[in-house]
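Work through the following exercises with the structure open beside you, and try each task before you read its solution.

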Amino acid sequence: MVQTKTEISRRKFLKSSSGVALFIGISGILPQLISCKDPNKIKEQLAQQPLTAWVKLSEDGLITIYNPAAEMGQGSMTSLPLIFAEEMDADWSMVKVEFSPQESEIYGSPGWAPGSKLMFTVGSRTTNSYYNVMRKAGAQARYVLMSSAAKHLEVPIEELTTSNSHVLHGRTNQKINYGALIPFLEMPESLPDFSEAELKNPKDFKLIGKDIPRTEIPAKVNGSAMFAIDIRLPEMVYGVLERGNLHGSKPKLTNETEILAMDGVVRIIPLDYAIGVVAKTLEQALSAKKSLKIDWSESKASGHNSQEIYSTYEKIASQKEKGKVIFEIGDVAKAKRTAAKTYAVDYKNDYVYHAQMEPLNAVVQVAEDGGSAEVWVGSQQGMDTKLGVPKILGIAPENVNVHLQYLGGGFGRRSMNDFVEECAYLAKEMTPLPVKLIWTREDDVTYGAFRPLSLQRLTASTDYKGNITSFSHAVVGDGGNLVASAVANDHYDIPNQFAEWREASNGIRLKHWRAVGHGPNKFAIECMLDEIARDQGLDPLDLRRKLMAKAPRALATLEKVAELSNWSTPSDNGRAKGMAFVEHGSLGTGVCEISVDRSTGIIKVHHFWIALDAGVVVQPDNVKAQMEGGIIMGMSSVLKEQITIVNGRVQQSNYHDYNLLRMQDVPDSIETVILESAEVPEGVGETATPMVACAIANAFLRLTGKPLRHLPFSPERVLQALNS
Amino acid sequence: MILPMEKFTLNINDQKVSIECAPDTPLLWALRDQLGLTGTKYGCGIAVCGSCTVHLDGTAVRSCSLPISAINDKAITTIEGVGKDGLHPVQKAWIAENVPQCGFCQSGQIMSAIALLEQNGNPSDADIEQAMSGNICRCGTYIRIRSAIKNAAKNNV
């Protein structure tokens, strides 16, 4: 074992106030590893039984590793513990994974802002931000085991090696299982602060990159996996809220007496924007909800019409005054003045709803004395300590215990904890009874927090050779980064670029939706490139090759997918291929092959091919699953999904009028090639989804000569484009 | 209007169980809230998403829209009851293909797949599309579901 010159002494470590350090304490027979920057917090944790930790050993060799991230299907319940186990040299068959306590001071990732520690499963950042944390922690756990074994065997630590949960001493032919070391575990005087060079050589990886089955899959096929909606507690009561279909509207209940007289109704709890009903059974709560008579006030959203608003957005895009400048390279105006040709195209995106399969819900129980609370929830966690519950209950965060459950889908919706706060509010009123709050699907759709409606005005110029000399992107819409992210073209060599955001606020609830700004903005950018290529008589592949000349990793994905999809071989009659490049941490180029029924306007996607560079890939099959799921969700949103708003009122209410992609709409294949890379792992959850709109529109353009510029590509809009 | 409570005896996963509820109570809520069989999920409440799929005498039905009073002595099977000796072959196929992502819809998907394979041991893509079109998966695991059904068929479920 090589040690760095700058070892952190125990004393020094405890005083350390920045960065992630790892502490190992002994309590009883269980060694505990705690990563924390705050020494007081460490002491506090050490005082608790059982201690929170990254790992727990037991004498039979069982190793429990704690996962700090939410599990919503993306695989964190396997990938993070796997990285830890790799460096610890743990026998994976003896590893059990549990959610870590929701204590961000200990388990938070430093990957959000320097000096901060957040537990926040968003932005496809989990593996990227925890990769080094888990590797180091795993290596330090191994070091503790080795140093304890060295003392016990009375041999120098340098003579020891490890393999598959055993410490080995070659010279004396001794082999001790990690579990058997428990009685001899001792906290070393100092812990090496392993540099990357001292961690395992990736070529020696036994777990990372090897397709280890996801740990939680068996529970998800036998019905035993616990989601928050499955929590049942003695004396639990059920809460539902009526929130109306006009966002921001205030309710006035007019039949309170009648509702209170209904069977099982325990309490009516008014909120600023909703009326809450608590009843003994869910059936009774739902029945009371249906019977509520409420006068709703008008709100900021009143008068908003989602289809008519585009003419206003066009006017905003045309205003001389610039919006908030996002970035600027070179001189776009000058490039346009000297251009051989200029282009200007508007792209439009309707509101989209998350449609995670598990409707929002939570269970909260406040203790009799009001001084502490238990929370069961499926949440992507967040910036607010303990999901905002301490604030609502007026108690200290350490007195709120959050039991994280599996998430029945997140997609960004569960990074907004309005539903947890609502439940805390009801539970406070119902103290000490546990309250389960359920949003019906109708609540979930109607009072959704949508991907914003937006308009993208793209302009570009080319020189007389057809080279793109400038590229300009104005986003009009509500929600700041929700609409204005992902407008940069870091991998395209265009000398003059400009991007801005022009605000338009309509009072509609908005939230991050898988890939956020990438969806609408990549749609606009990648379609614009193909429209230019078509006008210039260029192959979209060649155009991108030229643009990516200075971005070799991006270019490699382009070349690979061109090969994989037989790009240069024309499709069968009636079909065409389209491509799109997306960077979202990882880099990917996708190609789809489509056909269109010219009488119905229905687009059929036959195949999707992706070449992906995601750096080191921890679970290759899981990355492929993320590509498949990302494409399917993208297809669903692009071909089917649309929230419409009339006079501020959301028009959809459930899956009968908010259509999602189903089995019959699925492509014959979605094929992903992962490019080999030794770079740090990058997120993969949101790279595929934004490819879909542009790849389909680009294929449609090649097939029909007509552009599709307004999402979703509903059959009516496709027919309109065909007849234009 | 809530109807008065009545007693019902149901045959669930080869066991007779008694519950007391209003006759129009959907089977889904009786399973989940009264009997603790929470593997069956609520997704839409209007029989269009398939998350609540169970078997009634071997046929796939949506338990969110099936009133208790309509069941009588028909045999109900839920995800908890499909594996008589360990896992059902369809569940094994699901594991082999790493089908689930978030997993919330998968009980319903598996129940629909088992019902399909019991009626048609060698389904075509079109048969699978038809039988599975009532089950939504937001994570987009459809391609793996299709493969898992075919593999389960090959292994003679």
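**Exercise 1: Two domains of chain B**

In this predicted model, the C-alpha centres of domain 1 and domain 2 of chain B are 21 Å apart. Find the bounds of the two domains, and describe the side of domain 1 of chain B that touches domain 2 of chain B.

Solution. Begin with the domain assignment of chain B, which gives residues 6-81 as domain 1 and residues 89-154 as domain 2. Next, look at the contact between them, to which domain 1 of chain B gives 15 residues and domain 2 of chain B gives 12 residues. On the side of domain 1 of chain B that touches domain 2 of chain B, the elements that give two or more residues are strand E3 (53-56) and strand E4 (59-62) of chain B, and E3(B) provides the largest share, with 3 residues.

**Exercise 2: Where chain B meets chain A**

Work out how many residues of each chain are in contact, and which elements of chain B give two or more residues to the side that touches chain A.

Solution. Counting on both sides, 44 residues of chain B are in contact with 49 residues of chain A. The elements of chain B that give two or more residues to this side are helix H1 (27-34), helix H2 (89-96), helix H3 (106-119), helix H4 (125-132) and helix H5 (142-154). By class, the side of chain B that touches chain A consists of 23 nonpolar, 17 polar and 4 charged residues.

**Exercise 3: A helix of chain A**

Compare the span of helix H5 (residues 126-153) of chain A with the expected value, and then locate its kink.

Solution. The helix has 28 residues and reaches 39 Å from its first C-alpha to its last, which is close to the 40 Å expected at 1.5 Å a residue.

**Exercise 4: One leucine in a loop**

Is A:Leu387 buried or exposed?

Solution. First place A:Leu387 in the loop between strand E19 (373-377) and helix H11 (389-393) of chain A. A residue counts as buried if 20 or more other C-beta atoms lie within 10 Å of its own; A:Leu387 is therefore buried, because it has 28 such atoms within 10 Å. Leaving aside neighbours within four places in sequence, its contacts include A:Val375, A:Val402 and A:Asn417.

Definitions and conventions: Residues are numbered from 1 along each chain as its sequence is written. Chains are lettered from A and ligands numbered from 1 in the order in which they are written. This is a predicted model: local features need pLDDT of at least 70, side-chain atom pairs count only at pLDDT 80 or more; totals for chains, interfaces and linings use all residues. Two residues are in contact if their C-beta atoms, placed from the backbone, lie within 7 Å. Helices (H or I, at least four residues) and strands (E, at least two) are DSSP runs, numbered from the N terminus. Ala, Val, Leu, Ile, Met, Phe, Trp, Tyr, Cys and Pro count as nonpolar, Asp, Glu, Lys and Arg as charged, and the others, Gly among them, as polar. The expected span of a helix is 1.5 Å times one less than its number of residues. The bend at a residue is the angle between axes fitted to the seven residues ending there and the seven starting there. Domain bounds come from an automatic or database domain assignment. A residue is buried if 20 or more other C-beta atoms lie within 10 Å of its own, exposed if 12 or fewer, and partly exposed in between; C-beta atoms are placed from the backbone.
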